[in-house]
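Subject: Structure handover

Hello,

Here is the structure we talked about. Please open it alongside this note, and the findings follow below.

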Amino acid sequence: MKAWGLDQKIEGSMLTFMGDPTGALTTALDRKLTHPGPTSIGLLNRCKRFALFIDDKVIKVSQVCEDDDDPAGDDFPEDTCAPAMIELIKGL
């Protein structure tokens with residue numbers, strides 16, 4: 001995650017990239033990708049594409065990108081991208 005953070009130039013910002021190597025957080029948040037499409041091609045124990053805004057240890061905004069035709073949210077990730085998240089955060 002550190003390399004990704006460096007690539008995305010988040011150092012010194014309010015963002016934190018975090019990994020979940022054991023899947024514990026993915027499971028606790030019920031974000032495990034279980035659709036038969038991705039799992040049938042070997043994408044096991046993956047999480048769904050999602051974004052969270054957490055303030056003082058409370059999840060204030062939670063967005064998940066998934067659709068029957070796009071279970072991993074790769075084709076239309078807009079709901080979890082910064083512009084959509086910022087709009088939702090502004091509405092709090």
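K57 lies in the loop between β1 and β2. Its phi is near 70 degrees, a positive value in a residue other than glycine. K57 counts as exposed, because its relative accessibility is 82%. Exposed means over 50% relative accessible area, buried means under 20%, and partly exposed is in between (1.4 Å probe, protein chains only).

A word on the source. This is a predicted model, where local features need pLDDT of at least 70, side-chain atom pairs count only at pLDDT 80 or more, and totals for chains, interfaces and linings use all residues. Residues are numbered from 1 along each chain as its sequence is written, and side-chain values use heavy atoms, with hydrogens and water left out.

Now the overall layout. The protein has four helices and two strands. Along the sequence they follow the pattern α-α-α-β-β-α. Helices (H or I, at least four residues) and strands (E, at least two) are DSSP runs, numbered from the N terminus. The C-alpha atoms fill a box of roughly 40 × 30 × 25 Å, taken along the principal axes. Of the 92 residues in the protein, 22% are buried.

Next, the strands. β1 and β2 (residues 58-65) pair in the antiparallel sense over seven bridges. Two strands pair if DSSP finds at least two bridges between them. A51 has Q63 in β2 as its bridge partner. F50 stands opposite V64 in β2. The hairpin of β1 and β2 has two residues between the strands, and D56 takes a positive phi there, near 55 degrees.

F50 has another contact. The charged end of R31 sits over the ring of F50, 5.6 Å from its centre. The rule for this asks for NZ of Lys or CZ of Arg within 6 Å of the ring centre and within 35 degrees of the ring normal.

Two loop residues are worth a look. D30 lies in the loop between α2 and α3 (36-40). Phi of D30 is near 55 degrees, again positive in a residue other than glycine. D30 counts as exposed because its relative accessibility is 61%. P77 lies in the loop between β2 and α4. P77 counts as buried because its relative accessible area is 19%. P77 and I41 are 36 residues apart in sequence and 21 Å apart in space, C-alpha to C-alpha.

Last, the largest pocket. It holds about 1800 Å³ of space. A pocket is an open set of points on a 1 Å grid over the protein atoms alone, where a 1.4 Å probe fits, with protein on both sides within 12 Å along at least five of seven lines; lining residues have an atom within 4 Å of a point. The volume is the space filled by probe spheres set on the points, which are joined across faces, edges and corners.

The lining of the largest pocket has 40 residues, and T16, F17, F50, A51 and L52 lie nearest its centre. α2 (24-28), β1 (49-55) and α4 (82-90) each supply at least two lining residues. Which element gives the largest share? β1 does, with six residues. By class, the lining has 26 nonpolar, eight polar and six charged residues. Ala, Val, Leu, Ile, Met, Phe, Trp, Tyr, Cys and Pro count as nonpolar, Asp, Glu, Lys and Arg as charged, and the others, Gly among them, as polar.

Best wishes
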